[in-house]
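This report asks how one protein chain is held together and where it leaves open space. Please examine the sequence and the structure before reading on.

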Amino acid sequence: MKLIAAAALSFAGAAVAQGCAKVYVFGARETTVSPGYGSAGALINQIKSAYPGTGSEAIVYPACGGQSSCGGMAYDASASKGTQAVVTAVTNYNKRCPDSQIILVGYSQGGQIMDNAVCGGAGATLSGSAMAAVKAAIFMGDPHNIAGLPYNVGTCKAQGFSPRKQGFTCAHASIIQSYCDAADPYCCKGNNQNTHQGYVREYGSQAMAFIKSKVK
């Protein structure tokens, strides 16, 4: 009976391991967009094409900025809930699949909650083995943007509408790329909505090259 039980446990462990993807992506959508990946989805699809068998999961959070269409929740409250959702989802997945390499992709408010989870600033923050499992974090149109951060990519020399404080540093800067152009009204001081929605088209290849440099 002991041998049978041991074999059963071994089989169960193997089944769990087989259910874990080598690469796993968490994506977070922008404000007011329907549940799912939002504009981050196009880059997530590129990642899944580059790494066959990649798993993915959308962060479930309000993605609201006070609009009735998303429940009327204030932006800061939504971002706080989103940050906690990222930390919970990534931590739980890492416990189930400790060998998976994790990629984070966030767009606009989705970028902000990924930024919070990696770099701190909104209560919940990734730590320990869960943080170590994150190999690349891509923020696109992140309202936390400020000029001068080492992982900034794009033409913005100003800041977003929810900027980090001057002098801010992130302990995990080496795994981050944050994309923002000057014409963007959310991560910078511009007035072109189309710029805000165009980062995968403009920088998708660059983001993929960065991801490939970080994921084994």
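## The model

This is a predicted model, in which local features need pLDDT of at least 70 and side-chain atom pairs count only at pLDDT 80 or more, while totals for chains, interfaces and linings use all residues. Residues are numbered from 1 along each chain as its sequence is written, and side-chain values use heavy atoms, with hydrogens and water left out.

## Nonpolar cores

In soluble globular proteins, nonpolar side chains tend to be buried together. A nonpolar core is a set of buried Ala, Val, Leu, Ile, Met, Phe, Trp, Tyr and Cys residues joined through side-chain atoms within 4.5 Å. Buried means under 20% relative accessible area, exposed over 50%, and partly exposed in between (1.4 Å probe, protein chains only).

The largest core has 37 residues, of which Phe 26, Ile 59, Val 90, Leu 104, Leu 126 and Ile 176 touch the most other members. Among the elements that each supply at least two residues of this core are β1 (23-28), α3 (75-96) and β3 (101-107); helices (H or I, at least four residues) and strands (E, at least two) are DSSP runs, numbered from the N terminus. The largest share, 7 residues, comes from α3. A second, separate core of 27 residues includes Ile 44, Val 105, Tyr 179 and Cys 188.

## Disulfides

The structure holds 5 disulfides, a disulfide being a pair of cysteine sulfur atoms within 2.5 Å. One of them joins Cys 20 to Cys 97, with 2.0 Å from S to S. The torsion of -75° about the S-S bond makes this link left-handed. Its partners are 77 residues apart, Cys 20 in the loop between α1 (2-18) and β1, and Cys 97 in the loop between α3 and β3. Cys 20 is partly exposed at 21% relative accessible area, whereas Cys 97 is buried at 5%.

A further disulfide joins Cys 64 to Cys 70. Its torsion about the S-S bond is about 75°, so this disulfide is right-handed. Both Cys 64 and Cys 70 are buried.

## The largest pocket

The largest pocket has a volume of about 180 Å³. A pocket is an open set of points on a 1 Å grid over the protein atoms alone, where a 1.4 Å probe fits, with protein on both sides within 12 Å along at least five of seven lines; lining residues have an atom within 4 Å of a point. Grid points are joined across faces, edges and corners, and a volume is the space filled by probe spheres set on the points.

The lining comprises 13 residues, and Glu 30, Thr 31, Ser 108, Tyr 186 and His 196 lie nearest the centre of the pocket.
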